[in-house]
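Let's take a walk through this structure, one piece at a time. Keep the model open beside you as you read.

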Amino acid sequence: MGIFCFTLSSVSILKRIKYLKFLRIFILISSSIFYILYLIPISTVFQGLTSNDIVAVFQTNGAEAFDYLADNLKIYVFIPLATILAIFICLCIKNVDKYCFVKNQKEAVLFLLASIVFIWFYQTNALTIPIYDAADKIERYYAFYNNLKNREYPKSIEKNTKEGIYVVVIGESQNRDFMSVYKPTEYDTTPFLSSIKSSKNWFFFDNAYSCHVYTIATLTYALTQKNNYNNLDLSESYSIAHMLHEFDTYWLSNQKAVGYYGEQIAEIGLQTKHSTFINKSFVKGDPYDEELLKYLPKESSLVKTTIIFIHLMGNHPNYRKRYPEKFEKYPNTYANSILYNDYIVEQIYNHFASMRNFSALIYFSDHGEDTECACHNPSKFTWEMTKIPFYIYLSDNYIKQHPQKISTLKKHLHTPFTNDLFFETFLGILDITDKRFYAPENDLSNSNYNHTKSDLTTFHGEKSLAEYTTIIP
Ligand SMILES: [Zn+2]
């Protein structure tokens with residue numbers, strides 16, 4: 001109402017000034033778009049824009065937004081919408097002078113003042129709360145980003161890490177229910193993983209969930225001290241790269257390092273000693289994950305203890321764009337993208353397997369995916385978006401040196417876990433147990449791990465895993 005009065009009165013006042021026609025048109029169109037944005041969702045799905053939708057707009061980049069629109073905006077919706085919008089803009093331009101029901105300028109000024117008072121008093125309402133909420137979330141990530149850049153590395157970390165090469169592969173939008181290694185699927189999507197599943201060196205955890213459902217929300221927690229269960233401030237949390245600064249560290253990424261949110265995760269990568277980002281062009285689209293293989297470090301360049309993070313583009317929508325033509329094996333593009341991911345993991349494993357010092361490979365996905373909506377959109381939350389693969393390879397040498405850890409991991413194959421606990425689980429695998437940063441109850445490789453479905457949550461603590469009872473023991 002306030003905005004409605006403001007629009008009409010300001011248009012009326014500005015009418016007096018001949019050269020401000022464009023400003024009047026701008027006010028008319030932008031306030032109309034404001035109404036359309038709110039009223040369409042309210043009237044169609046009985047729900048307005050949520051803060052998660054607004055945050056998601058900041059999370060995305062041009063190419064991703066285009067993919068999303070291409071996937072979701074059907075032509076029979078798009079053409080009438082575009083036509084209506086075009087007619088509306090033409091009408092605004094042509095008739096802007098008529099939109100002045102307030103004839104006298106004094107009245108217009110009074111209306112304008114009234115509208116400002118109205119807007120001021122009702123600034124916190126059902127329509128603006130999501131905007132404030134989104135601004136708050138965005139501010140939190142920004143504070144995290146700035147602190148990450150400026151903070152000093154933690155000093156004298158107590159650690160007993162054995163020499164070796166440790167590889168962490170971070171998947172993208174991967175739902176484990178589509179992976180044959182986890183359960184029988186319509187198409188065989190994981191020939192490599194299925195072939196090594198029964199080996200004593202591989203551990204497949206079948207009860208892992210993501211701590212939220214989109215990249216920035218999950219990885220800022222998985223890769224820092226912050227998790228759904230502690231009261232730490234994200235901006236005050238040390239990142240995994242900070243923790244490992246005394247080792248030689250690599251970050252290889254096929255995700256864009258630009259954009260509001262790309263930068264947040266990239267900044268963690270930039271804290272490593274050698275970072276490479278191959279996904280740079282907005283014109284060419286995303287490279288296939290195999291392009292990353294060229295950048296895997298050679299054995300001769302590795303020092304005694306090296307940690308290598310590999311951030312894949314994985315199974316992100318649009319699925320067909322994630323794999324080259326020769327992987328078009330099944331009539332289901334998501335299944336093909338999983339098949340391709342299996343090939344990528346095989347290549348990464350083979351690259352390091354020949355190295356004498358190779359100790360471990362840990363794989364987890366940032367979140368799952370709902371293939372019904374071809375999305376992991378928080379405002380359409382489903383549990384499919386949280387079901388992630390999580391598996392670990394440990395070398396014979398590592399197994400020999402850690403009998404206790406191995407028997408604990410075996411016991412925990414079906415134990416519920418959320419990926420924000422990756423931080424401490426990885427520290428555990430590296431034998432870093434400095435109490436300032438590490439709590440054994442959050443480490444799946446420690447016998448003191450004490451989380452169950454009743455205390456584990458996703459959606460940053462808003463949804464309990466206990467609500468999802470069909471699978472979790
Ligand atoms: Zn993601």
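In which helix is Leu28 found? Leu28 belongs to helix 2 (residues 21-45), where helices (H or I, at least four residues) and strands (E, at least two) are DSSP runs, numbered from the N terminus. Residues are numbered from 1 along each chain as its sequence is written. Bear in mind that this is a predicted model: local features need pLDDT of at least 70, side-chain atom pairs count only at pLDDT 80 or more, and totals for chains, interfaces and linings use all residues.

Leu28 counts as buried because it has 22 C-beta neighbours inside 10 Å. (A residue is buried if 20 or more other C-beta atoms lie within 10 Å of its own, exposed if 12 or fewer, and partly exposed in between, with C-beta atoms placed from the backbone.) Ile89 sits 61 residues away from Leu28 along the chain, yet their C-alpha atoms are separated by 9.3 Å.

Now hop over to helix 9 (residues 215-222). Eight of its eight residues are buried, so helix 9 is largely enclosed by the rest of the structure. Thr215, Leu219 and Tyr221 are among them.

Next, look at a pair of helices. The axes of helix 7 (residues 129-150) and helix 11 (residues 262-270) come within 10 Å and cross at roughly 25°; axes are lines fitted to C-alpha atoms, for helices over the stretch in contact, and angles run from 0 to 180 degrees between N-to-C directions. Helix 7 and helix 11 are therefore roughly parallel (angles under 35 degrees count as roughly parallel, over 145 as roughly antiparallel, 65 to 115 as roughly perpendicular and the rest as oblique). On the helix 7 side, Tyr141, Phe144, Tyr145, Leu148 and Lys149 meet Glu263, Gln264, Glu267 and Ile268 of helix 11, with contact meaning that the C-beta atoms, placed from the backbone, lie within 7 Å.

Strand 4 (residues 248-253) runs parallel to strand 5, joined by four bridges. Here Tyr250 stands opposite His274, and Trp251 has Ser275 as its bridge partner. Six bridges link strand 4 to strand 6 (residues 305-311), also parallel, and there Asp248 partners Thr306. Five of the six residues of strand 4 are buried, leaving this strand mostly covered.

Definitions and conventions: Contact = placed C-beta atoms within 7 Å. Pairing = 2+ DSSP bridges.
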